[in-house]
Amino acid sequence: MDTAIIPADEAGIALGAALLREGRLVAFPTETVYGLGANGLDSGAVRAIFEAKGRPADNPLILHIAHNDALDALVREVPETARVLMAHFWPGALTLILPRAACVPDIVTGGLDTVAVRMPSHPVARALIERAGCPVAAPSANRSGRPSPTRAGHVFADMDGRIPLILDGGACAVGLESTVLDLTGVRPVLLRPGGVTPEQLLPYLPDLHLDAAISRPMAEGEKPRSPGTKYRHYAPTASLSIVVGAPELAARAMAGLYDRAETEGSRAALLVTRQLGALMGDRRCYVLGEAGDSAGMAAALFDSLRALDADNIQVAYAQDFHAGGMGLALMNRLSRAAAFQRLDAATVIAELAAASKE
Ligand code: TXA
Ligand code: MG
């Protein structure tokens, strides 16, 4: 199959909508990441998404809608909390998990009794859904396990030959996925941090609970609340570790680790803030953004993870960028890309010093 990339203008959107109505797949921009869309009420079309991505069948999809009214047909009830959140955060990067209506195919929900729904704010996504006239099931448009795509070129790199059409709407503003919030239990549970931060949600959800899987790997045999959290994700080919410690300690540890990797013949790189990068001399650095600008760094993360692969990096070390706001989502994605490998900067410095005396 030939994969066309065309501008996400009127004609592009019309073609995309026509393909969706025929049960075909279309990749399109949203404000978070590029989505791989299909008619969400057509099981056969949705099955093609799983095939194109190589996605495990038990990992459910988000249904995207263009108007609040479209929600009622997809869910059995809309709790008052959901109405309040929709009023404040839709359209936008917030996905709500609600009790699923009978018309939603099993393949969309992975057989769960709940369904994920979101209204994107990107004008191309909205227009495409509207023109298609159906809810659009869409995961991120990457091959399963790869970093999510934030540009049309990323989608092409993963999906060339697997889908008929990519609508190019430029770079995604948020750059990582939506926040996934489960409203089906007694307390609201944040399953995946994303474009809407816990700080933004708390005024409306004082009893918000953060799912444990956000900041640690799943234990053997543990049943995740969000099936997606059990898979390794966002991973570059390079072996990636996070170096934890105050900036000046982290800088010394990262310089030492980089130099050791290069001495051993590996191609190394560092993922850093501009401030730390300035201390790294001519070592190969991927600068995510200014220290403290977690939204800016979040927007740059997936692009940098893909650049590691494109530049044939074998070993990479990232700073611990944690800060408030988007920092939680940024570190969640980075930790998963690093398979939760964390190194303590002070310990690293001591070990490198001991090794150099041997
Ligand atoms: O920003 C986004 O959310 C992007 C754009 C395209 O909208 N989409 C996206 O989809 O990230 P995907 O499939 O890559 O991630 C959806 C996440 C997965 O972790 C999945 O397990 C979870 O949402 N999810 C979907 N339905 C669920 C359900 N009924 N219960 C619990 N988790 C669910
Ligand atoms: Mg994804």
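## Fold and selected sites of a predicted protein chain

In the protein chain, 69% of the contacts with a separation of 6 or more are between residues 24 or more positions apart. The model is predicted. Its secondary structure comes to 12 helices and 16 strands. Of the 358 residues of the protein chain, 54% count as buried. The protein chain exposes about 14,500 Å², and carbon and sulfur atoms supply 52% of that area. Along the principal axes, the C-alpha trace spans about 70 × 50 × 35 Å. The radius of gyration is 21 Å, which agrees with the value near 21 Å that a compact globule of 358 residues would have.

### The sheet

An open sheet of 11 strands runs in the order β1-β8-β2-β3-β7-β4-β6-β5-β9-β10-β11, and its pairing is mixed. The edges are taken by β1 (4–7) and β11 (209–210); each has a single partner strand, so one side of each is left without a neighbour in the sheet. Helix α2 (residues 43–53) touches β3 (35–39) and β7 (136–137), and its direction makes about 155° with that of β3. Helix α3 (residues 80–89) also packs on the sheet, where it touches β5 and β9; the direction of α3 makes about 160° with that of β5.

Strands of a sheet pair through backbone hydrogen bonds, in either the parallel or the antiparallel sense. Three of the pairings in this model are set out below.

| Strand pair | Sense | Bridges | A bridge pair |
|---|---|---|---|
| β4 (residues 62–64) and β6 | parallel | 3 bridges | I62 and A116 |
| β5 (residues 94–99) and β6 | antiparallel | 4 bridges | I97 and A116 |
| β9 (residues 179–182) and β10 (residues 189–192) | antiparallel | 3 bridges | L181 and L190 |

Burial of β6 can be read residue by residue: 4 of its 5 residues are buried, so the strand is largely enclosed by the rest of the structure.

### T30, in a loop

T30 is located in the loop between β2 (26–28) and β3. Its relative accessibility is 1%, and because buried means under 20%, T30 counts as buried. The side chain of T30 has two polar contacts to report. One reaches the backbone oxygen of V33 at 2.7 Å. The other is with the side chain of R118, at 3.1 Å. Not counting residues up to four places away in sequence, T30 touches G35, R118, P120, H122, A125 and C172.

### V108, in a helix

V108 belongs to helix α4 (residues 106–109). With a relative accessible area of 0%, V108 is buried. Leaving aside neighbours within four places in sequence, V108 is in contact with G40, V46, P60, L61 and L63. The C-alpha atom of V108 is separated by 15 Å from that of R24, a residue 84 places away along the chain.

Key. Residues numbered from 1 in each chain as written. Chains lettered and ligands numbered in written order. Predicted model: local features only at pLDDT ≥ 70, side-chain atom pairs only at ≥ 80, totals over all residues. Heavy atoms only, no water. Buried < 20%, exposed > 50% of the residue type's maximum accessible area, 1.4 Å probe, protein only. Helix = DSSP H or I, 4+ residues; strand = E, 2+ residues; numbered from the N terminus. Pairing = 2+ DSSP bridges. Contact = heavy atoms within 4.5 Å. Axes fitted to C-alpha atoms, helices over the stretch in contact; angles between N-to-C directions. Polar contact = N/O pair within 3.5 Å; in protein donor to acceptor, adjacent residues only side chain to side chain. Rg over C-alpha atoms; globule rule 2.2 N^0.38 Å. Areas by Shrake-Rupley, 256 points an atom, 1.4 Å probe, with all protein chains shown as cover.
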